Amino acid sequence: MTGAEIIVEAARIWLWIGAGVAVLFLGFGMAMVDEDADGAFAFRPLLVPGILLIWPLVLWRWGRLAMGSDDWAWRYGPPRAIHMAMAVGLSLAILAFLLGGALVKQSWPADSAPQQLSAPEVSE
Amino acid sequence: MSVKYTPVQWNRVKYCYDALLVAGTILFLAVFLPLPPEALGHTRPVDPQITNARAFGACAFVMLSIILMIGPLARLDDRVLPLLYNRRHFGVLTCLVALTHAYFVLNWYFAFSPTDKWAASLSANTSYGQALGFPFETLGIFALLCLLVLAATSHDFWLKFLGAPLWKGLHMLIYPAYAAVVGHIALGALQSQEVTTFAWITAFLSLGVAGLHLAAALQARMSPDPQAHAVPDPAWREVCDVTDLREGFAQIAQLPDGKRVAVFLHEGQISAISNACAHQNGPLGEGRIVNCLVTCPWHGFQYDVRNGQSPAPFTEKIPTYRVRLKGSRVQVDPVANPPGTPVPPVPLSKAARV
Ligand code: FES
């Protein structure tokens, strides 16, 4: 199995576990932790993709809410201070990609000779 | 605002917003798809599938750039706030356009792969150590995954279930996703194009996004909300003077625990509530009172300023704070009351109002 196939297989397993969590959570878990969901069914299929993708977070929040250990105060503290770090990081990454891309770009005259970018992998 | 959840909470404004979004997307594709190969930097005709992939890819990039510009623009200028109102639908549509791009790419370039198409796209090029010929596909897959997480968790249920701070933290994935998209284009499509128009458009949009975010972050740092001052009585903090208050509006102050309080003047009485909206933690203190209710400037959730509760049948609640007047100075108890706790408003004395 190649590295890429392992990643794809792991993704498949992740999604299957997510499907199990989705069945349990949408079936009877969510109405226990959110009274607005009680008796509301039409919107539930819309949540399936989210549960498939972030099911560990779903299980963690489900546990906290079901056990009543969720502290209300933290819900009102938005992470505003992070914005500066995000803005600087984003700007640097964009500059690096644009400049890097422009610097390595090759022009393609019709008669240019082929150029090897990296050594070929030797198979045994 | 939720009572019982519905699949999509549409209203007239959202219908118009979404109709414009769809029309704009169709218009973009209708202009892009018939472009002659020379305009795209191709020396020979290209297959329609490749043109499709490029059209949807370019469309997703432009949409993502606009989405990322709306936030900082709304911070810098209130008139952009209406665009923020339904930005989540914009995000979901962008994700669908990006998925279509991926569909065309996978089913063309990897159509005859003996292995799984996704595995093939990950293994076709693994030269991660070099800039020229970097596997830009991986950057695109990463960005697509982020967009999927954001779109899949955009329903209001997720906000309430995860809590706004965690939800917002998760949705900050949009920053690395956008950086990855710029890398995907700069090290991918732009490498094979002789026409520089698209390089300039990419640079203009992405640097515009970066510049706006830096400007908004700098503005927030240079004019931060004032700190509530300590007073001799440690149980209270001073927010402002009564003369700073304007009927229907608030003064915002930061409390020692880092949270913000919004002190409103309503019908000559002072009340204090959390500045963070229960929905996405929007800045309630930057909203105003409409029909006796504090109205959030981001998506219009409303709260009674005297008890932090949304009007029935809605169920959202925010914390309230005790408030008192010391002469003309407005003071709050920095310990928040649980969400929805009624607090009697403090009337302004006649003298203080003069
Ligand atoms: S943050 Fe959405 S209504 Fe306040």
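How many residues does the contact take from chain A, and how many from chain B? In this predicted model, chain A contributes 60 residues and chain B contributes 77 residues. In chain A, the residues that lose the most area to chain B are A:Asp36, A:Tyr76 and A:Phe97, and together they account for 13% of what that side buries. The size of an interface is often expressed as the accessible area lost when the parts come together. Here the area buried between chain A and chain B is about 5600 Å², and carbon and sulfur atoms give 73% of that area.

The polar side of the interface can be counted too. Between chain A and chain B there are five salt bridges. A:Arg80 forms a salt bridge with B:Asp225, with the closest N and O atoms 3.4 Å apart. Across the interface of chain A and chain B, 16 residue pairs are in polar contact, both residues being at pLDDT 80 or more. On the side of chain A that touches chain B, α1, α2 and α3 (82–104) of chain A each supply at least two residues. The most comes from α3(A), with 15 residues.

Helix α1 (residues 3–33) of chain A has 31 residues. Its end C-alpha atoms are only 40 Å apart, whereas a straight helix would reach 45 Å at 1.5 Å a residue. At A:Phe25, α1(A) bends by about 55°. A:Phe25 is also one of the buried residues of α1(A), which include A:Val21, A:Ala22, A:Leu26 and A:Gly29. The cover over the buried residues of α1(A) includes α2 (44–67) of chain A, along with α5 (117–123) and α7 (156–162) of chain B.

Most residues other than glycine have a negative phi, and most peptide bonds are trans.

| Site | Backbone value | Location in chain B |
|---|---|---|
| B:Asn281 | positive phi, about 60° | loop between β5 (269–274) and β6 (288–290) |
| B:Asn291 | positive phi, about 50° | loop between β6 and β7 (293–295) |
| B:Ala312 to B:Pro313 | cis, omega near 10° | B:Pro313 in the loop between β8 (302–304) and β9 (320–321) |

Is B:Asn281 buried or exposed? B:Asn281 has a relative accessible area of 3%, so it is buried, the limit being under 20%. B:Asn291, at 70% relative accessibility, counts as exposed, for which the cut-off is over 50%.

Key:
Residues are numbered from 1 along each chain as its sequence is written. Chains are lettered from A and ligands numbered from 1 in the order in which they are written. This is a predicted model: local features need pLDDT of at least 70, side-chain atom pairs count only at pLDDT 80 or more; totals for chains, interfaces and linings use all residues. Side-chain values use heavy atoms; hydrogens and water are left out. Helices (H or I, at least four residues) and strands (E, at least two) are DSSP runs, numbered from the N terminus. The expected span of a helix is 1.5 Å times one less than its number of residues. The bend at a residue is the angle between axes fitted to the seven residues ending there and the seven starting there. Buried means under 20% relative accessible area, exposed over 50%, partly exposed in between (1.4 Å probe, protein chains only). Contact means heavy atoms within 4.5 Å. Buried area is the accessible area (1.4 Å probe) that two parts lose on being put together, summed over both. A salt bridge is a side-chain nitrogen of Lys or Arg within 4 Å of a carboxyl oxygen of Asp or Glu. A polar contact is a pair of N or O atoms within 3.5 Å; within protein, one must be able to donate a hydrogen and the other to accept it, and residues adjacent in sequence count only if both atoms are side-chain atoms.
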